[in-house]
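Hi everyone, thanks for making time. I'd like to walk you through one structure, so let me put it up on the screen.

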Amino acid sequence: HLSIRRQRQMCIRDRYKVLAYSTTLEDAVNILYSEAKTGKYSAAVYVLGNENNLVKIENFKENISIKRSNKLMIATNYLESLNSNYHAKGSIERMNIALNYLSTKHEYTLDDFLILARYHGKTTSICRHNNEGQTLSSTIYIMDKNKKLLVNYAKGNPCNTPYKEFVFQLK
């Protein structure tokens, strides 16, 4: 197995390839699929999207799953599509917390995602800073109706770190 540091370096390189060489969502999916097929990673999850579609690519060893949605995609270090039983402790519970909360909404707002990112529960939390692990950063992506991509990023725990917003006008 590769070290976590080496896997992160490769993930960054793959993200660069997506940004540099893809012009469509399908180009990006194909690049990441090709990289996942090499077997370099023990596990990885990518979530990609455009104004119409979302795609989650999960890979565990050489097994790859591609899941598509036109509304919502959640990733919590749980490879749900591969039946691999590979997940960080609490990942399934965190995913269920998010799905249950969002199932009560007809539309999603930034506030909804901030509430989730900052969530502290009795048995598991989405914002983690205890023996179960540490939230290193939180990123919330929202595509607005004017084809602007809003990226809200917090380095550190979402409950006590302010988010910085970046706005990208899409073509």
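Let's start with R68 and E26, whose side chains meet in a salt bridge, 2.8 Å from N to O. R68 is in strand β3 and E26 is in helix α2, so this pair ties together parts that sit 42 residues apart in sequence. Just so you know, this is a predicted model. How exposed are the two partners? R68 counts as partly exposed because its relative accessibility is 47%, and E26 is partly exposed too, at 36%.

How many salt bridges turn up in the whole structure? A search finds three. Another one joins the side chains of K56 and E58, at 3.8 Å from N to O. Here K56 counts as buried, with 2% relative accessibility, and E58 is buried as well, at 0%.

Then there's K105 with D112, where the closest N and O atoms are 3.5 Å apart. K105 is partly exposed at 28%, while D112, at 6%, counts as buried. D112 belongs to helix α4, residues 110-117, where L114, L116 and A117 are also buried. The buried residues of α4 pack against α3 and β6.

Okay, on to the nonpolar cores. The largest has eleven residues, including V18, L25, Y46 and I57. Elements giving two or more residues to this core are α2, β1 and β2, and α2 has the largest share, with five.

Methods: Residues numbered from 1 in each chain as written. Predicted model: local features only at pLDDT ≥ 70, side-chain atom pairs only at ≥ 80, totals over all residues. Heavy atoms only, no water. Core = buried A, V, L, I, M, F, W, Y, C linked by side-chain atoms within 4.5 Å. Buried < 20%, exposed > 50% of the residue type's maximum accessible area, 1.4 Å probe, protein only. Helix = DSSP H or I, 4+ residues; strand = E, 2+ residues; numbered from the N terminus. Contact = heavy atoms within 4.5 Å. Salt bridge = Lys/Arg side-chain N within 4 Å of Asp/Glu carboxyl O.
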